[in-house]
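Please keep the sequence and the structure at hand while reading.

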Amino acid sequence: MSSDFNFLTSKQKKVYMVIESFIKSKGIPPTVREIGELVGEKTPGAVQGILNRLEQKGVIKREVGMARSIQLVNNNSQYAPHVYLPQIKKVTQRNVNDLLNIYNIINYVPVPSSLFQEGSDCFVINCPDNSLLESGIRYEDTLVINRNYELKDGDIVLVLYETHVLLRYYTHHENPDLVILKADSELLGKEVFDRNEVTIIGKLVGKYTQY
């Protein structure tokens, strides 16, 4: 913690240092409850008050209504700027219109803000299959999907078809009621779909994999 933070009270410094230490050790920011436990403050409202003052003083920032959204604002910080994207459990016919409901979010994943803008309509999900294995995308790779998209031929999209969640190359069809969705290995025996039978969830904009 920089000596430039002398304008903070001792309690505010303690909370800031707890947040900084938690992020460094866990890779994610703490919740209000976790901060309270670490600083010995049992009242959530008191913790919120300290966080509000830290935000007013410009040393942290938060996303409204989002858990684990605390970000440190420090020009001397060793941490690269980042944003937090929600990682979801699954896509189904029941939740396709409400993917980011609290019961479908596993956690929030820190990603470089140089790659993904703050407030962008992106989420993280595990790759559902091996249909694009030849393209270097494997089952359970971590995918970043953008729901605010403009598609062009060759883009990779996450699609819901009946009960199947698919990763496919998108190509427009000369018939506006149809769409071409291709895979490296086609298990469904189908590449041309009626637009009414598929839901394009979003476009693939990032991938993390383990070697």
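## Model and annotated region

The structure is a predicted model. An unreviewed UniProt entry lists residues 8-68 under "domain: LexA repressor DNA-binding", and over those residues the chain is 62% helix and 3% strand, with the end C-alpha atoms 22 Å apart.

## Packing of α1 and α2

Helix α1, which covers residues 10-26, packs with helix α2, residues 32-39, at an angle of about 115 degrees, and the axes of the two helices are 10 Å apart. Because angles of 65 to 115 degrees count as roughly perpendicular, α1 and α2 are described as roughly perpendicular to each other. The crossing that α1 and α2 form is right-handed.

On the α1 side the contact is made by Lys14, Val15, Val18, Ile19 and Phe22, while α2 contributes Glu34, Ile35, Leu38 and Val39. By residue class, this contact of α1 with α2 comprises seven nonpolar and two charged residues, with no polar ones.

## Surroundings of α2

Within α2, the buried residues are Glu34, Ile35, Gly36 and Val39, and the buried residues of this helix pack against both α1 and α3, the latter spanning 44-56.

After α2 comes glycine 40, which has a positive phi, near 75 degrees.

Definitions and conventions
Residues are numbered from 1 along each chain as its sequence is written. This is a predicted model: local features need pLDDT of at least 70, side-chain atom pairs count only at pLDDT 80 or more; totals for chains, interfaces and linings use all residues. Side-chain values use heavy atoms; hydrogens and water are left out. Axes are lines fitted to C-alpha atoms, for helices over the stretch in contact, and angles run from 0 to 180 degrees between N-to-C directions. Helices (H or I, at least four residues) and strands (E, at least two) are DSSP runs, numbered from the N terminus. Angles under 35 degrees count as roughly parallel, over 145 as roughly antiparallel, 65 to 115 as roughly perpendicular and the rest as oblique. A crossing is left-handed if the near helix is turned anticlockwise from the far one by less than a right angle, and right-handed if clockwise. Contact means heavy atoms within 4.5 Å. Ala, Val, Leu, Ile, Met, Phe, Trp, Tyr, Cys and Pro count as nonpolar, Asp, Glu, Lys and Arg as charged, and the others, Gly among them, as polar. UniProt positions are given in the numbering used here, feature names are shortened, and annotations may be inferred rather than shown by experiment. Buried means under 20% relative accessible area, exposed over 50%, partly exposed in between (1.4 Å probe, protein chains only).
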